[in-house]
Amino acid sequence: MDPRSEVLLRQAELFSGPLLLAGLPADDLLSHLPDAHGWSWHAGEHALLANRFTQRCHFGTQPGEREFQAAVVFLPKSRELTDYLLNALAARLAGRELFLVGEKRAGIERAAKQLGVFGQARKLDSARHCQLWQVRIEHAPAAPDLHSLAQRYQLQLPDGPLNVLSLPGVFSHGRLDVGSALLLEHLNDLPSGHILDFGCGAGVLGAALKRRYPDSEVTLLDVDAFAVESSRLTLAANALQAEVISGDGIDAAPSGLSAILSNPPFHQGVHTHYHASEHLLREASKHLASGGELRLVANSFLKYPPLIEQHLGPCRTLIDAKGFRIYRALKG
Ligand SMILES: C[S@@+](CC[C@H](N)C(=O)[O-])C[C@H]1O[C@@H](n2cnc3c(N)ncnc32)[C@H](O)[C@@H]1O
């Protein structure tokens, strides 16, 4: 059981009515709270929950239509996303209770200050390195319009300006990552056909690919519903058409790909996980057509080449600059 869920269950009497659990972990919590419903924006966690608790969890960027009498936000990493979640839920909870739970090292103490705009916040519990906060909504805000919270910037690329829109919580919100910038400079000579942007974030690489290779089919894939939504906004802002899918890991990708391009994930929440990236390197060959290419950018300190060579084939370093490397390997 996730420690944040354990802390909630220490006060289970507070959570017995219709409750919305926003960003809940994929654990046993729903089995202890029979009137609770989950809202997840992580495709992998949602799949686990939906499998176990049929019809008791939805996936997406919105709290959903279902009525609830109280809500709990599991503190996400991003302050902007926390702000969106709290406002989206407080808008539906005038006179009722909103809770915030999170790990101390994830910044719960600081985040709890964001509750102050809705009413008098108080700390209910502190245990398992977590804190649980509560506020009765005295000043209910208007429901936020998610798209109006998108940050927009424009990149000057050799083939023209590219508009990028990113929603709260999405990687490199409102600015271009240094690794992604390097990869954007090295999009030449990809085998055309069907190209995948794995871990698409705001869709900057996928959109640039679609414009560069208009005759190729381009698919963008991300585990995060806010990233998927951002990618759709970015494509639309550039009048580009490509498929955007949500899914956890390369297993969710189509097969027969001519190329996989990625700035793969390596941070998740307060923990560092390489799982999705290592799994990508191991399994890429199953999704590539013969002659297909894996091209990725990674921090120079990440030891990806041995894994790539073991599972795909000889790995070339196309460039080593600004602390990042671009690797390229072909399926034989
Ligand atoms: C380093 S960011 C790159 C984002 C974007 N391509 C860019 O260049 O700005 C990695 C992305 O991978 C996504 N991600 C993390 N774990 C994933 C998984 N298991 N499956 C698919 N995408 C994942 C994250 O949500 C994030 O958007």
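Let's start with Glu278, which is partly exposed, with a relative accessible area of 29%. This is a predicted model, and in it the side chain of Glu278 meets that of Arg282 in a salt bridge, at 3.7 Å from N to O. Arg282 has 35% relative accessibility, so it counts as partly exposed too. Both residues sit in helix α9 (residues 275-287), and because they are four residues apart there, about one helical turn separates them.

How many salt bridges does the structure hold? The count is 12. One of them pairs the side chains of Asp125 and Arg10, at 2.7 Å from N to O. Asp125 lies in strand β6 (residues 121-127), while Arg10 is in the loop between α1 (3-9) and β1 (19-22), so this pair ties together parts that are 115 residues apart in sequence. Is Asp125 buried or exposed? At 9% relative accessibility, Asp125 counts as buried, because the cut-off is under 20%. Arg10, on the other hand, is partly exposed, with a relative accessible area of 45%.

Another salt bridge links Asp159 and Arg211, whose closest N and O atoms are 2.9 Å apart. Here Asp159 is in the loop between β8 (151-157) and β9 (160-166) and Arg211 is in helix α7 (residues 204-212), so the pair ties together parts 52 residues apart in sequence. Asp159 is partly exposed at 40% relative accessible area, and Arg211 counts as partly exposed at 22%.

## A buried asparagine in a loop

Now have a look at Asn238, in the loop between α8 (225-237) and β12 (243-246). Its relative accessibility is 13%, so Asn238 counts as buried. Which residues does Asn238 touch, not counting those up to four places away in sequence? They are Pro161, Leu162 and Asn163.

Where they meet, 16 residues of domain 1 are in contact with 16 residues of domain 2.

Together the two domains bury about 1,300 Å² between them, with 73% of that on carbon and sulfur atoms. Between them there are zero salt bridges, but two residue pairs are in polar contact. On the side of domain 1 that touches domain 2, α3 (43-52) and α4 (79-90) each supply at least two residues. The largest share, three residues, comes from α4. By class, that side of domain 1 has seven nonpolar, five polar and four charged residues.

Note on methods. Residues numbered from 1 in each chain as written. Predicted model: local features only at pLDDT ≥ 70, side-chain atom pairs only at ≥ 80, totals over all residues. Heavy atoms only, no water. Contact = heavy atoms within 4.5 Å. Buried area = accessible area lost by both parts, 1.4 Å probe. Salt bridge = Lys/Arg side-chain N within 4 Å of Asp/Glu carboxyl O. Polar contact = N/O pair within 3.5 Å; in protein donor to acceptor, adjacent residues only side chain to side chain. Nonpolar A, V, L, I, M, F, W, Y, C, P; charged D, E, K, R; others polar. Buried < 20%, exposed > 50% of the residue type's maximum accessible area, 1.4 Å probe, protein only.
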